[in-house]
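Hi,

Here is the structure I said I would pass on. Have a look at it first, and then read on for what turned up.

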Amino acid sequence: VSVYVKVLTNSPFLVCMDLPHSQDEVIDPKYLWVGPDGDNLEGQMYMNLTETGKLMVMGFREFMSGAYTCTLSHKIIDTMTEQEREVFETYRFMVYAYREADHLYQGFVRFTTKECELAANGHFFEELKKILNSIISDLTCHIVESSYKCHSIKIPKQGLQQELFITFQVSPFAPGWEDICQQVPYDCEDATNRRVQKARDRIGEFFSKQTYALKHEFQTVPTIHYVDNSFSVTHVDSCRPGFGKNDVTHKSCASCCVVCDPGTYSPNNKVTCQLCRKRKVKQYGATSC
């Protein structure tokens with residue numbers, strides 16, 4: 001059985017018993033839980049082990065991932081002969097740490113310009129970045145991976161028009177974001193994702209106002225101006241180092257950033273764990289090979 005536990009939270013109770021046994025009497029049950037390192041888990045820190053064989057792993061971290069095995073021993077008594085025999089049954093759980101994916105937003109917008117070689121195009125692009133950053137700076141978000149290209153567009157019944165195609169990412173990891181994470185309990189993906197969603201909404205509102213301004217506030221249309229309804233935004237996931245997505249291995253947690261398996265690693269914020277070819281990484285959640 002595969003079990004996924006969000007980092008720094010408690011696992012659900014792992015039950016050392018199958019469904020048929022849980023609905024019947026079990027005589028003299030004994031439970032032996034063994035962790036990923038092969039050690040007996042009874043009495044260990046971060047382990048809540050009940051007298052009925054249920055195990056909860058508390059404050060789950062990456063290194064706690066792996067196979068948790070429970071051996072249930074119990075007696076079967078023949079009512080006719082009163083003979084006893086002891087039987088053993090083993091249950092195995094693969095428990096993985098996971099994080100929620102961090103959200104980034106990929107933005108795209110177009111502006112008309114007089115000509116592609118216009119020196120003002122570059123200045124406009126830099127000023128636009130400053131404006132967008134100022135709109136979202138209080139959310140500890142910023143604009144990254146930004147660029148622009150100029151293209152000639154043939155407009156039906158209007159001839160050629162020069163346009164700036166601008167792309168950028170809205171990231172929640174502006175300087176100081178770690179301090180905000182320390183103010184929230186457990187892990188901070190939820191708070192981070194809420195911040196970047198607010199930033200996305202503010203930027204969308206900013207470009208919506210450009211349409212109104214062009215129609216109602218300018219007597220003369222500026223040389224470089226917003227193309228109506230050209231702003232679009234798409235959602236992009238990223239994972240923290242040591243985590244990645246795998247919808248084949250982890251089908252029941254396909255949208256999660258699951259801890260990298262031994263033999264793989266993730267050094268960055270991409271969504272895949274890479275195979276380590278140099279030497280075998282033995283731990284879960286490796287960030288280097």
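Let's begin with the layout: which domains does the domain assignment of the protein chain give? You get domain 1 at 2–100 and domain 2 at 102–209. Keep in mind throughout that this is a predicted model.

On to how those two sit relative to each other. Their centres, taken over C-alpha atoms, are 50 Å apart. As for touching, 5 residues of domain 1 are in contact with 5 residues of domain 2. The area buried between domain 1 and domain 2 comes to about 520 Å², and carbon and sulfur atoms give 46% of that. In case you wonder about that figure, the accessible area lost when parts come together is often used to give the size of an interface.

What holds charge against charge there? The rule finds 1 salt bridge across the interface of domain 1 and domain 2. By class, the side of domain 1 that touches domain 2 has 2 nonpolar and 3 charged residues, with no polar ones. The rule also finds 1 residue pair in polar contact across this interface. Elsewhere in my notes there is a salt bridge between the side chains of Lys6 and Asp190, at 3.3 Å from N to O.

Now the whole structure: how many salt bridges does it hold? The count is 13.

Leaving aside neighbours within four places in sequence, Phe173 is in contact with Asp102, Thr140, His142, Thr192 and Arg240. Phe173 and Thr287, by the way, are 114 residues apart in sequence and 19 Å apart in space, C-alpha to C-alpha.

Last, the annotation. An unreviewed UniProt entry places the feature "domain: Zona-pellucida-binding protein 1/2 C-terminal" at residues 239–289. In the model, that span is 0% helix and 18% strand, and its end C-alpha atoms lie 17 Å apart.

Cheers

Methods: Residues numbered from 1 in each chain as written. Predicted model: local features only at pLDDT ≥ 70, side-chain atom pairs only at ≥ 80, totals over all residues. Heavy atoms only, no water. Domains from an automatic or database assignment. Contact = heavy atoms within 4.5 Å. Buried area = accessible area lost by both parts, 1.4 Å probe. Salt bridge = Lys/Arg side-chain N within 4 Å of Asp/Glu carboxyl O. Polar contact = N/O pair within 3.5 Å; in protein donor to acceptor, adjacent residues only side chain to side chain. Nonpolar A, V, L, I, M, F, W, Y, C, P; charged D, E, K, R; others polar. UniProt positions renumbered as here; feature names shortened; annotations may be inferred. Helix = DSSP H or I, 4+ residues; strand = E, 2+ residues; numbered from the N terminus.
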